[in-house]
Amino acid sequence: MGIQITPSILTADFADLRAELARIPSADWVHVDVMDNHFVPNLTFGPTMVEALTNATPLPIDAHLMITDADRNAAAYVEAGARSVTFHVEAAAAPVRLAREIRKQGARASMALKPATPIDPYEDLLAELDMVLIMTVEPGFGGQTFLDLCLPKIRRARELMDKHGVETWLQVDGGVSLETIERCAEAGADVFVAGSAVFDAHDPDAMVAALREKVADARD
Ligand code: DX5
Ligand code: ZN
């Protein structure tokens with residue numbers, strides 16, 4: 001199981017994103033939080049921005065769609081160049097069909113769960129997914145406090161993935177920092193989104209390395 005560090009640009013300087021992206025060369029992905037002011041009470045980017053970002057960095061884009069009617073809207077993000085597209089299961093009427101469509105279009109298909117959404121009802125969907133995202137804050141804003149109450153769900157998701165022998169990645173997002181990342185790693189996560197921890201750091205790329213190191217230590 002590899003370790004992937006995925007900085008979220010939500011707390012980066014939106015007026016200078018090309019420069020911000022150049023500050024994280026050793027990241028594995030760039031996490032782009034798409035918010036529609038409906039599924040969450042905040043408004044950020046759309047597909048045009050995702051397309052612009054693909055031209056501003058060699059890193060692959062991991063689009064996290066916090067939008068209603070994911071079934072209808074996800075395709076535009078694959079077309080815009082996102083290599084991984086995450087929809088919220090709470091916003092998808094037909095998650096299996098949606099995951100298949102995303103894969104058919106050529107991107108990795110990922111499904112996100114808010115803190116109060118259990119993983120067990122989706123056990124049989126795991127083979128349809130390239131990644132599961134367990135939110136460790138209520139989605140909508142960067143810089144929130146990590147919710148320890150989500151740790152048992154991370155552990156449970158890892159158990160279910162092992163049981164089914166799937167290669168599905170397990171991503172955590174929200175409040176991930178040097179203080180909390182080891183708990184996520186011990187619970188079984190392998191893809192780590194960090195927004196404010198990376199972009200509020202004096203040296204964001206050094207923070208990416210430090211976070212990676214913490215995960216490696218936790219696994220020893
Ligand atoms: C929250 C977003 C997260 C957020 C992470 O809704 O999905 O990706 O940007 O930011 P931090 O790491 O600051 O919690
Ligand atoms: Zn996110």
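In the predicted structure, ligand 1 is surrounded by 20 residues, of which the closest are G140, G143, D173, G195 and S196. By residue class, this shell divides into 8 nonpolar, 10 polar and 2 charged residues. Three strands, β2 (30-35), β3 (61-66) and β8 (191-194), each contribute at least two residues to the shell, and the largest contribution is that of β2, which provides 3 residues.

Polar contacts to oxygen atoms of ligand 1 involve both side chains and backbone. An N or O atom in the side chain of D173 lies 2.7 Å from an oxygen atom of the ligand, while in the side chain of H31 an N or O atom is found 3.3 Å from a ligand oxygen atom. For G175, in contrast, the contact is made by a polar backbone atom, which is 2.8 Å from an oxygen atom of ligand 1. Taken alone, ligand 1 exposes 380 Å², and the protein buries 100% of that area.

At least two lining residues come from each of β2, β3, β8 and the helix α8 (196-199), and the lining as a whole divides into 11 nonpolar, 11 polar and 2 charged residues.

Notes: Residues are numbered from 1 along each chain as its sequence is written. Chains are lettered from A and ligands numbered from 1 in the order in which they are written. This is a predicted model: local features need pLDDT of at least 70, side-chain atom pairs count only at pLDDT 80 or more; totals for chains, interfaces and linings use all residues. Side-chain values use heavy atoms; hydrogens and water are left out. A residue is near a molecule or strand if one of its heavy atoms lies within 4 Å of it. A polar contact is a pair of N or O atoms within 3.5 Å; within protein, one must be able to donate a hydrogen and the other to accept it, and residues adjacent in sequence count only if both atoms are side-chain atoms. Accessible areas come from the Shrake-Rupley method with a 1.4 Å probe; for residues, only the protein chains shown count as cover. Helices (H or I, at least four residues) and strands (E, at least two) are DSSP runs, numbered from the N terminus. Ala, Val, Leu, Ile, Met, Phe, Trp, Tyr, Cys and Pro count as nonpolar, Asp, Glu, Lys and Arg as charged, and the others, Gly among them, as polar.
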